[in-house]
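Reader: I've got a few "how do you know that" questions about this one. Can we go through them together?

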Amino acid sequence: LSMAYAGARLGKSVLAGLSGRKRIECAYVASTVTDMPYFAQKVVFGEGGVVKVLPLGELNEHETKRLEELKPMLQKEIDTGLEYAKVNELAA
């Protein structure tokens with residue numbers, strides 16, 4: 001149920017944004033906050049879809065260490081997704 005709730009909440013925020021009522025939610029988007037091309041972070045949804053990607057914020061020492069440890073796994077998942085999109089004609 002938690003995935004259904006998250007999907008419904010995201011969908012509601014996207015639709016609200018498209019109708020002119022800006023909403024802030026977390027989304028997996030093209031990003032420059034790390035050296036990876038995509039990252040999940042807070043964004044503002046507006047009439048044009050994602051109208052602003054918000055900064056990640058200050059990470060403490062533990063968070064910085066964990067992010068560095070996870071980067072190889074995240075990059076592998078990004079590469080897998082990009083390959084899937086390419087093979088299935090979803091790439092831009």
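Predicted model: local features only at pLDDT ≥ 70, side-chain atom pairs only at ≥ 80, totals over all residues.

Reader: Why is Leu-82 called partly exposed?

Author: Its relative accessible area is 39%. Buried would need under 20% and exposed over 50%, so Leu-82, at 39%, falls in between and gets called partly exposed.

Reader: And what makes Tyr-28, Tyr-38 and Leu-82 a nonpolar patch?

Author: Patch residues need over 30% relative accessible area and no salt bridge, and nonpolar side chains are joined within 5 Å. Together with Tyr-28 and Tyr-38, Leu-82 forms a surface patch with about 290 Å² of accessible area.

Reader: Zooming out, what is the pattern along the sequence?

Author: It reads α-β-β-β-α, with two helices and three strands in the chain. The C-alpha atoms fill a box of roughly 40 × 40 × 30 Å along the principal axes.

Reader: How much of the chain counts as buried?

Author: Of the 92 residues, 23% are buried.

Reader: What about the surface as a whole, and which atoms supply it?

Author: The chain exposes about 7,100 Å², and 59% of that comes from carbon and sulfur atoms.

Reader: How many charged side chains are there?

Author: There are 12 positive and 12 negative ones, and the centres of the two sets lie 9 Å apart.

Methods: Residues numbered from 1 in each chain as written. Heavy atoms only, no water. Patch = residues over 30% accessible without salt bridge, like charges linked within 9 Å, V, L, I, M, F, W, Y side chains within 5 Å. Areas by Shrake-Rupley, 256 points an atom, 1.4 Å probe, with all protein chains shown as cover. Salt bridge = Lys/Arg side-chain N within 4 Å of Asp/Glu carboxyl O. Buried < 20%, exposed > 50% of the residue type's maximum accessible area, 1.4 Å probe, protein only. Helix = DSSP H or I, 4+ residues; strand = E, 2+ residues; numbered from the N terminus. Lys, Arg positive; Asp, Glu negative; His and termini not counted. Charge placed at Lys NZ, Arg CZ, Asp CG, Glu CD.
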